Amino acid sequence: MRILGINAVFHDPAAALVIDGEIVAAAEEERFTRRKHGKRPVPFSAWELPEQAAAWCLDRGGIRPDQLDAVGYSYDPRLVDHSLDGLDRGSESTRTDYARRAPAFLATALPGLDPTIVRFVRHHLAHAASAALAAPSGDSAVMVADGRGESHSYLAGEYRDGKFVELAAQQLPHSLGLMYEDLTQHLGFARSSDEYKVMALASYGTPRFLDRFRELVYSTGAGGFRTEPVDWESFTPAVTDGAFGRDHADLAASVQRRVEDVLLELASWLHRQTGQPNLTLAGGVALNCVANTRLYAEGPYERIWVQPAAGDAGTALGAALQLAAEFGERAEPMPGADLGREWTDQELETILRTAKIRYTKSEDVAADVARALAQDQVVAWFQGRAEFGPRALGHRSLLAHPGRSANLERLNDVKGREQFRPLAPMVLADRASEIFGRGPLPSPYMLFVHDVAPAWRDRIPAVTHVDGTARIQTIDPADDPVLGRMLSEFDRLTGVPVVVNTSLNTAGRPMVDSPRDALECFGSAPIDLLAIGPFLVRRS
């Protein structure tokens, strides 16, 4: 079966293609349009489709729209209960109406597509499928938590032999994700976008408001939870000028801790129902790597796997996988997050020549980059297929020396980011356990935080957060020989098998996807070296 998955309703529009149970391609529309998150998460944008991402996925799979067997759309407008609080009052009907018309919109966007093959897939079921059916572990318990779907904010259940059994769901207005979005907005950040900044800010505070939040946010003991209305101003005034005080950090720390506690209670309840040793996670809340680590370290599960594209973009993949399962196909595990576009060496060289850029062809790009990093240069790394999801995982990355404490401020300046935000390390998988503890290993997708061993904190200060943790990515040279060789050579030169890895972009821009994007980023930011395929472009 040839199945296209589409996410379009809220934010992060994306497309994915699954053929005979194998994930062939997945991409987010923002990587094509260069508009962060693809669009704003408002009802009147629900008609906007990931047209370019969908067309590219089909092209990657070598099929035409009229050759598709099914299209999964990760939202079912028939499930919206317009009487509930938690919806967009006065305009929710607009979103619902646009979603109902999605088959016709898709047929227009993809000429030749038969609109009758478009099937609505419940939003949280698409999230669940993106985790459980893509995970390497087979059968698993699954938890989905985000802002909202059609009428719910949470889903828990179990996948056995590709079939989902629902065990709990939380109806709106109660929502861990929406509460976290409210806090994000109160702290002066963009909701449905900057929640990860709140998680970073929380590390600078103490949860001194935790007792009050225990009364406002709590599990029911039956697989659900309650989030009571929060008077945020009663804790601290809203941030309007980017000036954070101690109270703001303490508020972030309090909410962060309470969300973690409730997730632990929900996960424990689910384990009692299923007895599963494996837990899979998706939904925007699953991008909270601090919470994920507590689930791993303190929860009852032996293994936890988080969908790398856990936000709404991942529901495009989940919708396709869910339909494949319903058609009786067995899904192949996700081969990695590098599911996006790539360019051949010949295509890259043609682009460099057309741009009249001075470049050299490296005999060993891994060794050349390792030497540049050892000399404390900032390197833009553009290799292979682009990542699907919000994390840079060694395909579209900015790299730097982790042993220079000044590189934290330096890279935040390069990217135009807030200075309280941490940088992440990539590390050779076979060396990770001597440097990083507490979280699961291997950890290839940057979805958990790990304690940095005390002996290493002064050796890698640029990637050690204020609380002594780091959000790591482990690299297995067998999976990525070039990246593994670069890390090994950097280790030989410096004695450190770790490199700073952050996304190749600047503030407010999507991650670099194409060679043109890479050249624009290199030209506009103080980056010393661009390694694009086997070619090196140096700052003059």
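Me: How many of the 29 residues of α9 are buried?
Reply: In this predicted model, 21 of the 29 residues of α9 are buried, so the helix is largely enclosed by the rest of the structure.

Me: And what span should α9 have, going by 1.5 Å a residue?
Reply: Helix α9 takes in residues 246-274, and at 1.5 Å a residue its 29 residues should span 42 Å; the C-alpha atoms at its ends are 42 Å apart, which agrees with that expectation.

Me: What follows α9?
Reply: The helix is followed by G275, whose phi is positive and lies near 70 degrees.

Me: Which residue other than glycine has a positive phi near 55 degrees?
Reply: That is D20, which has a positive phi near 55 degrees although D20 is not a glycine. D20 is found in the loop between β2 and β3, and at 53% relative accessibility it counts as exposed, because the cut-off for that class is over 50%.

Me: What about S192, buried or exposed?
Reply: S192 is buried, with a relative accessible area of 14%. Its phi is positive too, at about 60 degrees, and S192 is not a glycine either; its place is in the loop between α6 and α7 (195-202).

Me: Switching to prolines, is the peptide bond from L172 to P173 cis or trans?
Reply: The bond from L172 to P173 is cis, with omega near 15 degrees, and P173 lies in the loop that runs between β8 (163-171) and α6 (176-186). The peptide bond from L441 to P442 is also cis, with omega near -5 degrees, and P442 is found in the loop between β17 (436-437) and β18 (450-452).

Me: OK, aromatics now. How many aromatic pairs are there?
Reply: Counting rings of Phe, Tyr and Trp whose centres lie within 6.5 Å, the total comes to 16 aromatic pairs. One of them is F10 with Y75, where the ring centres are 5.6 Å apart and the planes stand at 85 degrees, so the pair is edge-to-face.

Me: Where in the chain do F10 and Y75 sit?
Reply: They link distant parts of the chain, being 65 residues apart: F10 is in the loop between β1 (2-7) and β2 (14-19), while Y75 is in the loop between β4 (70-73) and α3 (92-100). Both F10 and Y75 are buried.

Me: What kind of pair do Y98 and F105 form?
Reply: Y98 and F105 form a tilted pair, with 6.3 Å from centre to centre and 55 degrees between the planes. Y98 is partly exposed, with a relative accessible area of 24%, and F105 is partly exposed as well, at 27%.

Me: Which rings are linked into a cluster?
Reply: Ring pairs join F189, Y204, F244 and F420 into a cluster.

Me: And which arginine lies over the face of F235?
Reply: R212 does, at 3.9 Å from the centre of the F235 ring. There is also R459, which lies over the face of W456 at 3.9 Å from the ring centre.

Me: Last topic, holes. How many cavities of 30 Å³ or more does a search of the whole structure find?
Reply: The search finds 2 cavities of that size, and the largest cavity has a volume of about 70 Å³.

Me: What lines the largest cavity?
Reply: The lining is made up of M143, V144, A145, L263, L281, A282, V285, A286, A291, N292 and L295. The elements that give two or more residues to this lining are β6 (140-145), β11 (278-282) and α10 (289-298). By class, the lining of the largest cavity divides into 10 nonpolar residues, 1 polar and no charged.

Me: And how do the residues lining the second largest cavity divide?
Reply: They divide into 3 nonpolar, 1 polar and 5 charged, around about 30 Å³ of space in the second largest cavity. The lining residues are A27, E28, R31, F32, G340, R341, A386, E387 and D513, with β3 (22-28) and α1 (30-33) each supplying at least two residues of that lining.

Definitions and conventions
Residues numbered from 1 in each chain as written. Predicted model: local features only at pLDDT ≥ 70, side-chain atom pairs only at ≥ 80, totals over all residues. Heavy atoms only, no water. Phe/Tyr/Trp six-rings, centres within 6.5 Å; stacked < 30°, edge-to-face > 60°. Helix = DSSP H or I, 4+ residues; strand = E, 2+ residues; numbered from the N terminus. Buried < 20%, exposed > 50% of the residue type's maximum accessible area, 1.4 Å probe, protein only. Lys NZ or Arg CZ within 6 Å of the ring centre and 35° of its normal. 1 Å grid on protein atoms, 1.4 Å probe; cavity = no way out; pocket = protein on both sides within 12 Å on 5 of 7 lines; lining within 4 Å. Points joined across faces, edges and corners; volume = space filled by probe spheres on them. Nonpolar A, V, L, I, M, F, W, Y, C, P; charged D, E, K, R; others polar. Expected span 1.5 Å × (residues − 1).
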